[in-house]
Protein chains: 2
Amino acid sequence: MRAVVQRVDGASVVVDGETVGAIDGEGLCVLVGVTHDDTKEKAAQLARKLWSVRILHDEKSCSDLDAPLLVISQFTLYGDARKGRRPTWNAAAPGDVAEPLVDEVVAQLRALGATVATGRFGAQMRVSLTNDGPFTVLVEV
Amino acid sequence: MRAVVQRVDGASVVVDGETVGAIDGEGLCVLVGVTHDDTKEKAAQLARKLWSVRILHDEKSCSDLDAPLLVISQFTLYGDARKGRRPTWNAAAPGDVAEPLVDEVVAQLRALGATVATGRFGAQMRVSLTNDGPFTVLVEV
């Protein structure tokens, strides 16, 4: 499982003109990619990392500040762009594998006490954010 | 060299309340990280990939559509968050190594004919964007 984690000052996700998820102020916008051998345990591991990693201002974490997270599925993170002009997507898990695991990340975060907003799996989404720093880390579990 | 490449519908970067770079409409917002053994040739390689990779709508590339790019330095992409709560930054090149190489990516893109906006290296920047899809790929050279 792989995540691009952006420290944001607000982020929101719109589907068909409707805002379906949003967070205000300092928090994390998390794009999550799932590969074929990912498991519920990996989803839980990613959730723990997202909740505790100290990448907010003053090296605080979401758990320190009760800062919110916007979690968005993003299969393209497993795209392979090394050869040619068109990335290949073989490493990305199919939707029926990925969706429950992205949901598990969200469920595990909420079980830890996090405030989590989400997009809509598989939908055409417009994710607007302000990356504050900027500060972006790649997390792989 | 490593990049997080987000397909955007507009992106801008603000430093001290002033917009120092912006792109409108469909394009790419590129966060670039530099490591110790990166070279000018790797910067040129990344530029060629960014210019030609077909991740815009209808599998078009920036070169196909003359779509703009916003290129922002982001050393944190070489952060290692695997252990503990605080990432380590050892793999990130120091600023005097990274800055000229990020500049080289921009120069090479412009030499290819790209319209490129940039931030201000090392400044506290607020990068606002709308990730349209969302569609995000990781590029490593």
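This is a predicted model: local features need pLDDT of at least 70, side-chain atom pairs count only at pLDDT 80 or more; totals for chains, interfaces and linings use all residues.
1. Across the interface of chain A and chain B the rule finds eight salt bridges.

2. The interface can also be described by its polar contacts, and 36 residue pairs, both partners at pLDDT 80 or more, are found in polar contact between chain A and chain B. A polar contact is a pair of N or O atoms within 3.5 Å; within protein, one must be able to donate a hydrogen and the other to accept it, and residues adjacent in sequence count only if both atoms are side-chain atoms. On the side of chain A that touches chain B, strand 5 of chain A gives the most, with 15 residues; strands here are DSSP runs (E, at least two residues), numbered from the N terminus.

3. In terms of contact (heavy atoms within 4.5 Å), 45 residues of chain A meet 45 residues of chain B. The two chains bury about 3,700 Å² between them, 47% of it on carbon and sulfur atoms, buried area being the accessible area (1.4 Å probe) that two parts lose on being put together, summed over both. In chain A, the residues that lose the most area to chain B are A:Arg85, A:Pro134 and A:Leu138, which together account for 18% of what that side buries.

4. Strand pairing, which requires that DSSP finds at least two bridges between two strands, also crosses from one chain to the other. Strand 5 of chain A and strand 5 of chain B (residues 125-140) run antiparallel and are joined by nine bridges, and A:Asn131 stands opposite B:Val127 there.

5. Within chain B, strand 1 (residues 2-15) and strand 2 (residues 18-33) pair in the antiparallel sense over 13 bridges, with B:Arg7 opposite B:Leu28. These two strands form a hairpin with two residues between them, and B:Asp16 in the turn has a positive phi of about 50°. Strand 2 of chain B also pairs with strand 3 (residues 69-73) of chain B, in the parallel sense over five bridges, and here B:Leu28 stands opposite B:Leu69.

6. For reading the labels and values, residues are numbered from 1 along each chain as its sequence is written, and chains are lettered from A in the order in which they are written. Local features need pLDDT of at least 70, side-chain atom pairs count only at pLDDT 80 or more, totals for chains, interfaces and linings use all residues, and side-chain values use heavy atoms, with hydrogens and water left out.

Note on methods
A salt bridge is a side-chain nitrogen of Lys or Arg within 4 Å of a carboxyl oxygen of Asp or Glu. Helices (H or I, at least four residues) and strands (E, at least two) are DSSP runs, numbered from the N terminus.
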